[in-house]
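Here's a quick briefing on a protein structure. Have a look at the model first, then go through the points below.

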Amino acid sequence: MNDEFFMREALSLARSAECLGEVPVGAVVVCEGKIVGRGFNSPIGESDPTAHAEIAALRDAARTLENYRLPGCELFVTLEPCAMCAGAILHSRISRVVYGARDPKTGVHGSVVDLFAVERLNHHTEVIGGVLAEECGQLLSGFFAARRAKKEG
């Protein structure tokens with residue numbers, strides 16, 4: 001299993017979010033080659049601004065592993081993390097983040113700022129972007145195009 005395999009799992013979760021009318025973002029947490037946490041965007045359905053895919057996956061993994069710290073774990077997410085999610089990723093001590101599409105409006109791995117590169121923070125996470133970026137980006141683009149068409153129609 002490789003990064004693309006786990007990103008495809010995250011994409012499957014993103015499609016679940018889309019089916020519920022949520023922005024299609026999905027995430028999985030992997031520990032020792034096994035998925036230990038899953039999540040997808042659900043802020044609308046849950047009336048919760050923190051219900052991003054990464055947060056849901058981190059919470060699921062923490063429950064599974066019975067630890068609020070997730071050292072040695074990797075997070076795979078279909079969209080570049082936002083500031084809130086980056087904070088949670090760093091606090092949970094995730095060792096590596098792999099994301100698909102860049103987010104030019106709220107992404108914090110260089111699209112807007114690079115929070116992961118702040119040297120003064122007490123934990124540093126390896127971040128790799130662009131895994132299945134086209135597929136991840138097309139899912140988001142299609143979702144927003146359909147929303148715009150609905151508004152115009």
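H5 gives the most to the lining of the largest pocket, namely 5 residues. This is a predicted model, where local features need pLDDT of at least 70 and side-chain atom pairs count only at pLDDT 80 or more, while totals for chains, interfaces and linings use all residues. Residues are numbered from 1 along each chain as its sequence is written, and side-chain values use heavy atoms, with hydrogens and water left out.

**The largest pocket**
- About 500 Å³ of space sits in the largest pocket.
- Its lining is made of 24 residues, and Val-23, Leu-79, Asp-103, Leu-140 and Phe-144 lie nearest the centre.
- Helix H2 (43-46) and helix H5 (133-152) are the elements that give two or more residues to that lining.
- Sorted by class, the lining of the largest pocket has 12 nonpolar, 5 polar and 7 charged residues.
- Here, Ala, Val, Leu, Ile, Met, Phe, Trp, Tyr, Cys and Pro count as nonpolar, Asp, Glu, Lys and Arg as charged, and the others, Gly among them, as polar.

**H1 against H5**
- Helix H1 (residues 3-19) packs with H5 at an angle of about 5°, and their axes are 11 Å apart.
- That makes H1 roughly parallel to H5 (angles under 35 degrees count as roughly parallel).
- On the H1 side, the contact (heavy atoms within 4.5 Å) uses Met-7, Arg-8, Leu-11, Ala-14, Arg-15 and Glu-18.
- H5 brings Glu-135, Cys-136, Leu-139 and Phe-143 to this contact.
- The contact of H1 with H5 has 6 nonpolar, no polar and 4 charged residues.

**H3 against H4**
- The axes of helix H3 (residues 53-65) and helix H4 (residues 83-92) come within 9 Å and cross at roughly 20°.
- H3 and H4 are therefore roughly parallel to each other.
- Glu-54, Ile-55 and Leu-58 of H3 touch Met-84, Cys-85, Ala-88, Ile-89 and Ser-92 of H4.
- The residues where H3 meets H4 split into 6 nonpolar, 1 polar and 1 charged.

Methods:
Axes are lines fitted to C-alpha atoms, for helices over the stretch in contact, and angles run from 0 to 180 degrees between N-to-C directions. Helices (H or I, at least four residues) and strands (E, at least two) are DSSP runs, numbered from the N terminus. Angles under 35 degrees count as roughly parallel, over 145 as roughly antiparallel, 65 to 115 as roughly perpendicular and the rest as oblique. On a 1 Å grid over the protein atoms alone, a cavity is a set of points where a 1.4 Å probe fits but cannot get out, and a pocket is an open set with protein on both sides within 12 Å along at least five of seven lines; lining residues have an atom within 4 Å of a point. Grid points are joined across faces, edges and corners, and a volume is the space filled by probe spheres set on the points.
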